Each structure stands twice: as structure tokens, then as C-alpha cells.
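Reader: I'm new to reading protein models, and I'd like to go through this one slowly with you. Could you show it to me before we start?

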Amino acid sequence: MKYDFILVGHGLAGAILSYTLRKRGHRVLVIDEPRPSGASRVAAGLLNPIAGKRFAKSWLADEFIPAADAFYDELEAHFGRELFIHKPIYKIFSSIEEQNTWMAKSASEGWNDFILATHTQSINNPSIQDPYGGIMIGRGGNLLVEDMLDLLTEELLAQGLLRPERFDMEELQLTEHGVRYKEEEADHLVFCEGFQVVNNPYFKWLPIHPTKGEVLEVEAENFNPECIYNKGVYVVPIGGSRFKVGATYNWRQPDEQPSPEGQQELAERFSQITSQHFSMIHHQAGIRPAVRDRKPLAGRHPQYPQLSVFNGMGSKGVQMAPYLAQQFAAALAGEGEVMPDIRISRYLSLYYDYIKH
């Protein structure tokens with residue numbers, strides 16, 4: 001069978017790119033080993049236009065968020081299922097200094113689309129500990145990532161376009177006109193492997209740092225599920241009185257095993273948001289593909305143009321992937337280029353060092 005593209009990996013980035021390519025009319029084969037602990041399935045799928053303690057607008061939020069809204073709306077119509085939950089995000093101030101930092105930031109323009117309200121005092125919700133107030137952020141929410149991946153997986157399987165197996169690099173042959181994998185041929189192959197790209201002989205030179213993230217699922221009967229909370233960790237309502245609390249960042253132990261230390265850190269941080277009793281239901285860990293400069297990686301291999309990579313979304317994949325997948329799909333079809341900030345050519349010096357040694 002001849003395909004336009006073979007994609008390796010069907011986490012968030014691979015699934016969104018696969019759907020985008022198929023929508024453009026390309027014939028796509030996906031190869032993906034099912035992994036319940038994959039980072040995309042562990043994550044809460046948060047989309048947050050305001051990042052970090054310095055209250056910076058997320059990188060290219062004005063471009064990424066409209067594209068994400070349109071993409072998830074389309075997926076919901078396609079499957080007849082709600083997949084993206086629009087909720088405000090209450091970013092709680094940790095100190096009066098943090099409040100002052102925000103008040104100085106908010107004087108500048110460009111925030112109106114994202115800020116619903118600023119609270120310089122507690123919102124007086126007995127379940128929330130916010131003595132310094134906080135900001136209510138709009139245009140955020142969370143994607144039901146596991147539901148989306150399951151629906152797209154079922155669709156690919158029904159069409160015979162998914163092989164649920166580990167990709168065997170020894171079976172890959174580069175040909176004059178593309179690639180051959182076992183008995184299949186394609187014009188192009190894209191690796192969307194997440195952190196496992198560090199073992200890929202063609203792209204292991206890229207500066208991806210596997211970063212472990214742990215997440216708790218908790219039950220808190222008297223906690224308000226009307227918004228997402230953020231103070232050191234996020235707290236995302238997932239139905240009834242259950243919430244996802246996450247995530248830790250651990251680059252020293254890049255394994256997928258939940259740790260007592262991670263559980264304790266998340267429980268303590270949740271206790272700083274609410275004084276309400278909660279019980280722990282589930283504890284998971286996954287590994288994110290974090291990039292040195294915190295920008296994704298997309299582009300063709302410098303020596304083998306029939307191979308590409310689409311990776312490195314880190315914790316912002318829900319927000320960035322729809323826009324970048326559209327741009328990358330067009331570039332693969334020869335209809336444009338990806339933005340310079342995400343091109344793998346910015347790390348060409350690392351490639352030359354790699355092949356030298």
C-alpha cells in the first residue's frame with residue numbers, strides 16, 4: 001500500500017497532525033504503540049492564555065487560541081461529542097508582591113481579550129484560600145485529551161489506517177522516492193514520538209529533555225467546580241466532585257512511575273488552595289518532551305528530506321498543536337514554511353556535532 005505520509009506516534013501532536021493531514025485529503029498511516037501512561041493521556045489538557053508567576057501572555061496566544069477553538073469545535077461537530085470544556089481560570093495571588101506585579105502588568109494593553117476580572121481581595125468563597133485575591137482569566141479551559149485520542153484512534157482503526165504496534169526502526173528503509181516500512185511505502189515519514197525521540201537515530205541530536213510530570217485525581221465534596229484554579233498547580237474539574245491536580249516538573253527522574261514525593265508535593269499544593277477535606281483517588285505520571293528553548297520542533301531532517309519531526313509541545317500542546325499542525329501540513333505539501341521559531345534548523349549546529357562524533 002502506498003501512502004502520502006506515515007506518522008509515528010499518536011499522542012496529542014501526532015493525533016492532531018494526522019487529522020489535519022487527512023482533512024487536506026492526504027492518505028495517512030499511523031503507527032503507534034498503545035501506552036496508557038503516555039504524557040498526553042495523563043495530562044489534564046489545560047489551555048491557559050496567561051503563563052507563569054510573571055503573568056506573561058502565553059507565546060503567540062492571539063494566534064494559537066483562535067486556531068485551537070476552531071479545531072476543537074470542528075472535532076466536536078465531527079464526532080458529535082463535547083471535547084473542550086470552556087471554563088474561566090482563577091489565578092490566585094500567592095503574595096501581595098505577586099498582586100503588585102500583576103497590577104503593574106495589567107496597565108499595559110493587550111489583556112482585554114483574556115482577563116475577566118481582577119480581585120485585590122478574597123472572593124469570599126469559603127472553600128478557596130485566596131487572601132490576596134487573584135485574576136479571573138477568560139478563553140481558557142481544558143481538553144478531554146483521552147476522549148479525543150480514543151475517538152481518533154477508533155476512527156483510524158475502522159479505516160485501517162492505524163497499526164497499534166511499536167515502530168521498529170530496523171524495518172525503516174529510505175528510498176529514492178520516500179520511505180518503505182515493512183510492506184508499506186510512503187512519500188514521507190513524520191516522527192511524533194514525544195520524549196522517545198531521544199532514542200531516534202535520525203533526530204536524537206535535538207535538545208529534548210524528558211521531563212516527568214505527576215498528576216493526582218482527587219475527590220473534594222465541598223470544592224467549587226465552576227472554574228479551574230491555578231496557584232503553583234492547576235486544579236481542573238473532571239466531573240462531579242473530582243478534580244485533577246498537577247503537575248510536577250522533574251527532569252532528574254525521567255521515568256513513568258508515580259513517586260511518594262510527587263504525591264506529597266501535589267497534595268500540599270492543593271491544600272494551599274483549599275482548606276476542604278479531599279481524598280486521593282488516582283496518581284499518575286508521564287514524561288513530557290521539553291525543549292531547551294521551550295519552543296516546539298518541526299521540520300525536515302537536514303540530510304534525509306523524506307523524514308520529518310513534529311514534537312516538543314511540552315505542557316502547551318493543547319494550545320499550540322492545532323495552529324502548528326496546520327502550518328506544518330501546509331509546509332509538507334510545499335505550500336509554505338513553518339515559522340522560524342519552531343524550525344529544527346535553529347539547532348543545526350547540534351546536528352553537525354552529532355554526525356562528527
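This is a predicted model: local features need pLDDT of at least 70, side-chain atom pairs count only at pLDDT 80 or more; totals for chains, interfaces and linings use all residues.

Reader: Okay, so at what angle do α1 and α5 pack?

Author: Helix α1, which covers residues 12-23, packs against helix α5, residues 145-158, at an angle of about 45°, and their axes are 10 Å apart. The two helices α1 and α5 are therefore described as oblique to each other.

Reader: Is the crossing of α1 and α5 left-handed or right-handed?

Author: The crossing in which α1 passes α5 is left-handed.

Reader: And which residues of α1 and α5 meet there?

Author: On the α1 side they include Leu12, Ala15, Ile16 and Tyr19, and on the α5 side they include Val145, Met148, Leu149 and Leu152. Sorted by class, the contact between α1 and α5 has 9 nonpolar, 1 polar and 2 charged residues.

Reader: Changing topic, how many aromatic pairs are in the whole structure?

Author: A search through the whole structure finds 19 aromatic pairs. One of them joins Trp59 and Phe64, whose ring centres are 5.3 Å apart with the planes at 75°, so this pair is edge-to-face.

Reader: Why 'edge-to-face' for that pair?

Author: The label follows from the angle, because planes over 60 degrees apart count as edge-to-face, and the planes of Trp59 and Phe64 are at 75°.

Reader: Are Trp59 and Phe64 buried or exposed?

Author: Trp59 is partly exposed, with a relative accessible area of 24%, whereas Phe64 has 0% relative accessibility and counts as buried. Phe64 also forms an edge-to-face pair with Tyr323, with 5.3 Å from centre to centre and 70° between the planes.

Reader: Where in the chain do Phe64 and Tyr323 lie?

Author: Phe64 belongs to helix α3, residues 61-79, and Tyr323 to helix α7, residues 317-332, so that pair links distant parts of the chain, 259 residues apart. Tyr323 counts as partly exposed, at 22% relative accessibility.

Reader: How do α3 and α7 themselves pack?

Author: Their angle is about 85° and their axes are 8 Å apart, and α3 and α7 are therefore roughly perpendicular to each other. Among the residues that meet are Phe64, Ala67, Ala68 and Phe71 in α3, together with Met320, Pro322, Tyr323 and Leu324 in α7. By class, the contact of α3 with α7 has 12 nonpolar, 1 polar and 1 charged residues.

Reader: Which rings are linked into a cluster?

Author: Tyr90, Phe223, Tyr229, Phe243, Phe270 and Phe278 are linked by ring pairs into a cluster.

Reader: Can we do a loop now, and where does Asn48 lie?

Author: Asn48 lies in the loop between β3 (46-47) and β4 (50-51), and Asn48 is buried, with a relative accessible area of 9%. Not counting residues up to four places away in sequence, Asn48 touches Ser58, Ile89, Ile137, Lys316 and Gln319.

Reader: Last one: what does Val215 contact?

Author: Val215 lies in strand β15, residues 208-219, and counts as buried at 3% relative accessibility. Leaving aside neighbours within four places in sequence, the contacts of Val215 include Val42, Tyr234, Leu266 and His282. The C-alpha atoms of Val215 and Pro340 are separated by 33 Å, and the two residues are 125 residues apart along the chain.

Definitions and conventions. Residues are numbered from 1 along each chain as its sequence is written. Side-chain values use heavy atoms; hydrogens and water are left out. Axes are lines fitted to C-alpha atoms, for helices over the stretch in contact, and angles run from 0 to 180 degrees between N-to-C directions. Helices (H or I, at least four residues) and strands (E, at least two) are DSSP runs, numbered from the N terminus. Angles under 35 degrees count as roughly parallel, over 145 as roughly antiparallel, 65 to 115 as roughly perpendicular and the rest as oblique. A crossing is left-handed if the near helix is turned anticlockwise from the far one by less than a right angle, and right-handed if clockwise. Contact means heavy atoms within 4.5 Å. Ala, Val, Leu, Ile, Met, Phe, Trp, Tyr, Cys and Pro count as nonpolar, Asp, Glu, Lys and Arg as charged, and the others, Gly among them, as polar. Buried means under 20% relative accessible area, exposed over 50%, partly exposed in between (1.4 Å probe, protein chains only). Rings of Phe, Tyr and Trp (its six-membered ring) pair if their centres lie within 6.5 Å; planes under 30 degrees apart count as stacked, over 60 as edge-to-face and the rest as tilted.
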